[in-house]
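Thanks for asking me to look this one over. Here are my notes, written to be read with the structure open beside them.

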Amino acid sequence: MYVIIVGGGKVGYYLTKELLAAGHELVLMEKDGRRARQIADEVGSIVLQRDGCEGKHLEEAGAKRAAIVAAVTGDDEDNLVVCQMAKHHFDVPRTIARVNNPRNESLFRHLGVDEIISPTRMALAAIEQDIPVHELLHLAQLPGGRLELIEARITEDSPALGRRASDLSLPEACSLFAIIRGGNAQPIRSDTALEVGDTVLAISRTESENQLHDALIGAAEGGDTD
Amino acid sequence: MRAFIAGCGRTGAGLAERLAAAGHEVTIMDTSTEAFNRLDHEFPGRALRGDATDEDQLRRAGAEGVDLFFALTEGDNRNILAAQLAAESLGVAQVVAKVNDPVRAEAYRALGLATLCRTRLLVDALATYSGLPRDPGAEGVAPAIGHHQEHDGATAGVAVPVGGR
């Protein structure tokens with residue numbers, strides 16, 4: 001399987017080493033000459049000192065026969081452009097982008113990036129296990145990257161308070177599957193009414209998280225994103 | 001009309017002044033406040049420091065609901081991201097991105113963005129000056145291609161979702 005990695009920073013460098021060790025055929029594109037030589041000295045001639053954002057150079061790197069293009073530079077805009085060019089110009093089946101600003105995740109997916117790697121999101125999720133940062137707690141991202149396991153606590157201000165789970169207007173492809181009440185987990189039945197202090201477990205698409213928030217916790221200030 | 005301009009370089013500042021002088025409501029954003037020195041002292045619009053590739057900052061600056069959005073920073077990719085944020089996340093109907101790399105400019109037209117390619121415009125101006133025939137594709141803002149948006153004679157295109165297959 002032929003893989004093109006764009007960006008020879010820490011992520012790109014270690015990714016290259018790991019994939020090489022696993023026996024994959026790959027090319028690393030790094031536009032900075034010094035950095036490119038530094039990595040080439042270690043891993044050999046698979047480093048191309050070229051800007052992967054330029055269509056011309058992506059083509060030289062063999063984008064037309066690549067199974068995967070992974071854009072892992074430190075700049076979201078560069079990673080987006082690499083993936084969009086790969087996907088729509090060279091028909092690369094699978095594109096992966098590193099995203100630093102978590103707010104860009106749903107836009108990138110919408111624009112055709114297949115897989116998002118978000119270091120910020122991962123660190124945030126780890127922190128949220130201990131300290132809630134948002135009212136929705138991200139417990140885990142499910143394999144495939146589009147669905148998340150989310151926890152929400154029902155408060156006195158929640159529009160869902162006293163209502164039955166089946167009466168809530170939930171976003172598409174979102175499912176509430178259990179509540180934790182009084183320290184015990186129980187399945188959500190159609191006649192289960194939500195109470196203050198309930199912890200609701202849900203599976204939702206990342207992009208419908210705002211709607212889920214509105215349904216369970218209440219409309220956020222500043223309006224909806226869509 | 002309300003216009004939002006990302007990037008207060010020579011082009012952004014010049015356009016902001018023209019639009020404001022014509023009576024339009026203009027907001028211009030740049031990551032450096034020094035860039036605003038390019039604006040006239042009497043510039044009547046709003047000049048805000050901020051990063052136009054950040055959705056939250058765009059919203060706070062009121063980019064949602066403007067009639068026209070111009071991404072004119074010095075970075076092609078930044079313009080592409082800002083323009084797609086404006087079109088897809090903020091719902092702005094008319095969006096133009098300055099993309100100086102001709103290959104990328106053409107590729108993004110096919111993806112639904114109206115683009116302005118300075119390189120192509122300059123090359124054509126100089127080539128025609130030298131007596132060569134005009135490049136028919138090098139005229140002002142190149143509208144988006146291959147998408148079902150309507151044009152009412154305006155040159156700017158409407159970005160449409162180009163989401164996954």
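1. Confidence. Please keep in mind that this is a predicted model. Chain A has a mean pLDDT of 88, with 95% of its residues at 70 or more. The stretch to treat with care is residues 222-226 of chain A, where the pLDDT is below 50. Beyond near neighbours in sequence, that stretch makes three contacts in the model.

2. Overall build of chain A. You will find seven helices and 11 strands in chain A. The C-alpha trace of chain A spans about 65 × 30 × 30 Å along its principal axes. Of its 226 residues, 36% count as buried. Among the contacts in chain A with a separation of 6 or more, 53% join residues 24 or more positions apart.

3. The parallel sheet. Six strands of chain A make an open sheet with parallel pairing, in the order β3-β2-β1-β4-β5-β6. Its edge strands are β3 (47-48) and β6 (115-117) of chain A, and each of them pairs on one side only. At the β3 end, β2 (residues 25-29) of chain A runs parallel to β3(A) and is joined to it by two bridges. To find this spot on screen, look for Leu28(A), which stands opposite Val47(A) in β3(A).

4. The antiparallel sheet. Chain A also has an open sheet of five strands, ordered β7-β8-β11-β9-β10, with antiparallel pairing. Which strands stand at the edges? They are β7 (136-141) and β10 (184-187) of chain A; each has a single partner strand, so one side of each lacks a neighbour in the sheet. On average, neighbouring strands here are turned by 30° against each other, direction ignored.

5. Inside the antiparallel sheet. Strands β9 (residues 175-181) and β11 (residues 199-205) of chain A pair in the antiparallel sense over five bridges. One bridge to pick out is that of Ser175(A), whose partner in β11(A) is Ile203(A). Helix α7 (residues 209-216) of chain A lies across β7, β8 (147-153) and β11 of chain A, and it runs at about 155° to β11(A).

6. Where the chains meet. How many residues of each chain are in contact with the other? There are 21 from chain A and 22 from chain B. On the chain A side, α3 (55-60), α4 (76-90) and α5 (105-110) each supply at least two residues. The largest share, nine residues, comes from α4(A). By class, this side of chain A has six nonpolar, eight polar and seven charged residues.

7. A chain B helix covered from both chains. In α4 (residues 102-110) of chain B, the buried residues include Arg104(B), Ala105(B), Ala107(B), Tyr108(B) and Arg109(B). Their cover includes α3 and α4 of chain A, together with α3 (76-89), β5 (94-98) and β6 (114-116) of chain B. After α4(B) comes Gly112(B), with a positive phi near 100°.

Notes: Residues are numbered from 1 along each chain as its sequence is written. Chains are lettered from A and ligands numbered from 1 in the order in which they are written. This is a predicted model: local features need pLDDT of at least 70, side-chain atom pairs count only at pLDDT 80 or more; totals for chains, interfaces and linings use all residues. pLDDT is the predictor's confidence in each residue, from 0 to 100. Two residues are in contact if their C-beta atoms, placed from the backbone, lie within 7 Å. Helices (H or I, at least four residues) and strands (E, at least two) are DSSP runs, numbered from the N terminus. Ala, Val, Leu, Ile, Met, Phe, Trp, Tyr, Cys and Pro count as nonpolar, Asp, Glu, Lys and Arg as charged, and the others, Gly among them, as polar. A residue is buried if 20 or more other C-beta atoms lie within 10 Å of its own, exposed if 12 or fewer, and partly exposed in between; C-beta atoms are placed from the backbone. Two strands pair if DSSP finds at least two bridges between them. Axes are lines fitted to C-alpha atoms, for helices over the stretch in contact, and angles run from 0 to 180 degrees between N-to-C directions.
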